[in-house]
Amino acid sequence: SSTGSDRTIRVLDIGSGTGLLAMMAHRYMKEELNNQGLKDTYSVEVTSLEMAAAMARIARATLAENGFTEDEITIVEKHSTDFAVDDDSRKFDMCTSELLESGLLGEGWVPALRDVWLRLLKKDAVVVPQGARVFARLVDSKERVGSYVGPHVASSSNDGLRLTTSKDDDSAYLCGQGPRTTQIPLHASSLFRADSGNGQPAQLLSSRVQVMELDVSSAATIPSICGDRTTTTIFPTSDGQCHGLLVWWELDLWKRAGEASVPTITYTTESTATAEENTKALTDETETWQDHWHQCLHVLPRPTAVVRDTPTELVCHTTDTNLSFEVTNEASPASKIARKDVRPTMISPQRCLQLNDERRIQKMRESIAFALAQQAPDDAVVLDVSDFGLCGMLAALEGAKHVVTMESSSATAMLAATVAQMGNGFPRSANSKFEVLRCHPSDLVMNRPATIV
């Protein structure tokens, strides 16, 4: 609604990328002015901000290839918080952005919009997208969901191996030891297909429920910088152990505001594999592939028992850049995990999933046992190169008397040593050696050459 002598419609694009949104904004704004007979009355200027130098160069090249001039679209190599306008007359009429990731908030969409509403946009400016909603369903699966935390110490295939930092099984988790969830982007269908992942397919324990909504369409509706906490009561559709939540979001690119002729335009990351109206798709291999924004699995640090039709509270904690959840009911209150038991995560959830894969560990152990059988175990020198000490410990369990395991960082070397010594008691005899070194292979000099690597 540029008025007075200023007949320039200014568009701000946050995060140029390849320049796609900037080009769309300019082209379609010009087309609309032409449709309304205002082509010669107004001009359109797009300012596109890109903080990554390489992407800024790509955006400029893409704009030139598509026939746009720098007077029409200007790429500014800056973070949006470092950009300013000379005076209020240069503020923007519209703002486009695509600051989204699979978890919705991780790229800083909310703080970026809060900042531009405060400093760079006119009071009646339009932003695209305008808001979002987050949905969730409870999931039961020890193998495919619960394996992202732990590692679990009970195992039939790795008899004698303890992937913990102490003898206390419940307090020695390397990953996921906290009161809230850990977020894992994935394709939801991988949880439910029989031919995908470890163990039995996951089971859904609830219908979909909206757990959070945000609105960035005006300065007044931007979420608080202090974050938020919302509680939703759900009624499980089945009995089970809730190991996590399957989470996705809907994005309102445009919301209808009282005009019946103007549709609401919404995009969703919901998988057809879990859509309520398409339960057959749980094993459907023809699901549309989503390779940009996935669904997210939020893994609970401990499973929560749920009972069909019994009220269960789903608590959503929101910050500017993160969502996390708690699932509580009378049988499993949130206080079950005491604050004193909360420990920092020492390995990634993906690494934890590997360490919980009993088939993988068993195959590794069989291979190491075969290699040791080709020579006398007392004479073997096993060199384990940067594997958290896992293969070295498996070799020791199979009778190797001299094991050297190396890690490139001090933190992982200390963790490997703690697991080996405190969790497993290596070395277990006076005539055995189990060494954990912080070094690169190129820096290591051994008195006796390794016979197994």
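Me: What should I know before I start?
Reply: The model is predicted, so local features need pLDDT of at least 70 and side-chain atom pairs count only at pLDDT 80 or more, while totals for chains, interfaces and linings use all residues. Residues are numbered from 1 along each chain as its sequence is written, and side-chain values use heavy atoms, with hydrogens and water left out.

Me: How many helices and strands does the protein have?
Reply: Helices (H or I, at least four residues) and strands (E, at least two) are DSSP runs, numbered from the N terminus. Here there are eight helices and 18 strands.

Me: What share of the residues counts as buried?
Reply: Buried means under 20% relative accessible area, exposed over 50%, and partly exposed in between (1.4 Å probe, protein chains only). In this protein, 46% of the 453 residues count as buried.

Me: Is Lys122 buried or exposed?
Reply: Lys122 sits in strand β5 (residues 121-128). Because its relative accessible area is 18%, Lys122 is buried. A polar contact is a pair of N or O atoms within 3.5 Å; within protein, one must be able to donate a hydrogen and the other to accept it, and residues adjacent in sequence count only if both atoms are side-chain atoms. The Lys122 side chain makes one with the side chain of Asp93, at 3.0 Å.

Me: What does the side chain of Gln295 reach?
Reply: Look in strand β13 (residues 295-306), where Gln295 lies. Its side chain reaches the backbone nitrogen of Ala188 at 2.8 Å. Gln295 counts as buried because its relative accessibility is 1%.

Me: Which residues have the most contacts inside the largest nonpolar core?
Reply: A nonpolar core is a set of buried Ala, Val, Leu, Ile, Met, Phe, Trp, Tyr and Cys residues joined through side-chain atoms within 4.5 Å. The largest has 46 residues, and those with the most contacts inside it are Leu12, Leu104, Trp109, Leu121, Val211 and Met212. Helix α3 (residues 109-119) gives the largest share of this core, six residues. There's also a second, separate core of 27 residues, including Leu163 and Leu394.

Me: Which residues is Val211 in contact with?
Reply: Contact means heavy atoms within 4.5 Å. Leaving aside neighbours within four places in sequence, Val211 is in contact with Val134, Phe135, Ala136, Thr230, Thr232, Leu314, Cys316 and Phe325. Val211 is found in strand β9 (residues 209-215), and with a relative accessible area of 4% Val211 is buried.

Me: How many residues of helix α7 are buried?
Reply: Six of the eight residues of α7 (residues 390-397) are buried, so the helix is mostly covered. The buried ones are Leu390, Gly392, Met393, Leu394, Ala395 and Ala396. Among the elements covering them are α5 (349-355), α6 (358-373) and β18 (433-438).

Me: Which residues lie nearest the centre of the largest pocket?
Reply: On a 1 Å grid over the protein atoms alone, a pocket is an open set of points with protein on both sides within 12 Å along at least five of seven lines; lining residues have an atom within 4 Å of a point. The largest pocket is lined by 50 residues, with Leu21, Thr96, Ser97, Val128 and Pro129 nearest its centre. The largest share of the lining, eight residues, comes from α1.

Methods. On a 1 Å grid over the protein atoms alone, a cavity is a set of points where a 1.4 Å probe fits but cannot get out, and a pocket is an open set with protein on both sides within 12 Å along at least five of seven lines; lining residues have an atom within 4 Å of a point.
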